[in-house]
Amino acid sequence: MAKIHGGRLVARALKAEGVDTLFTLTGGHIVPILDGCVEEGIRIVDVRHEETAGHAAEAYSRLTGRLGVAAVTAGPGVTNTVTAVMNAYHSHTPMLVIGGRHPIRQEHTGGLQEMNHPPLFSSITRWTTTVWETVRLADYIAIAARHAFSGRGGPVFLDIPLDVQFGMVDEHTPLPTGYRPTEPRG
C-alpha cells in the first residue's frame, strides 16, 4: 500500500479547506509541509522574515475571506509571528499559523530551537495545540479551520513536531468527514 508523509497530509487537508496559498520563510522544521504543498499544488510565497509571513497570511484572509496560512520554523521563527497573530486576534481575522517543532524524541533535551510554542499563543488565539500523531494531522487542520471561522473569527495555532511531519500514513488516509470546506467570508 502506498504511503505519504505527514507534510503531504497537511497539504491535502489545507487544500480541502480551500487553501491555495501558504506564506512562509523556508526552515528545516517545516520542510515536509512545504514539500507537501508543492506536491498538492498549493502556491508557496517564500518571504524574507517570518513576521512578513504572518502579516501576509492575515492580509490574505482579510482581502479574500479565505483562511490565511503561514508556516514557520521552530523557536524564533514561531515567535516572529506573534505581532501578526495579535493583530488577527483583535481584528477577528481567520488565520492559521503552523509552527514547526523539534522532534518528539528530543523533547526536554535541548533540541535545535526547542520551545513549547502553544503557551505563547494561548491568550491571543481562538485555539492552539500540538499535533502528536501523524494520522491526526488532517483532523487537526479541519478543527483549526472551524475555530478560525467560528463566531467572529480569529487566529489559530498548530504546533507540529518534525517527526510527526515525516511520519508515514496510508496514501488513502481519509480527510475528516462531516466538515465542509471553509467558504470565503463576504
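Author: A residue is buried if its relative accessible area is under 20%, exposed if over 50%, and partly exposed in between (1.4 Å probe, protein chains only). This is a predicted model, in which local features need pLDDT of at least 70 and side-chain atom pairs pLDDT 80 or more, while totals for chains, interfaces and linings use all residues. Residues are numbered from 1 along each chain as its sequence is written, and side-chain values use heavy atoms, without hydrogens and water.

Reader: Which residues of E4 point the other way from Gly68, Ala70 and Val72?

Author: Strand E4 (a DSSP run of at least two residues) spans residues 68–72. Five of its five residues are buried. Opposite in direction to Gly68, Ala70 and Val72 are Val69 and Ala71.

Reader: What is the bridge partner of Phe23 in E4?

Author: Strand E2 (residues 21–24) runs parallel to E4 and is joined to it by two bridges; pairing requires at least two. In E4, Phe23 is partnered by Ala70.

Reader: At roughly what angle do the axes of helix H1 and helix H7 cross?

Author: H1 covers residues 6–16 and H7 residues 137–149; helices are DSSP runs (H or I) of at least four residues. Their axes, lines fitted to C-alpha atoms over the stretch in contact, come within 8 Å. The angle, on a scale from 0 to 180 degrees between N-to-C directions, is roughly 35 degrees.

Reader: Which residues of H7 make the contact with H1?

Author: Contact means heavy atoms within 4.5 Å. From H1 come Gly6, Leu9, Val10, Ala13 and Leu14. From H7 come Leu137, Ala138 and Ile141.
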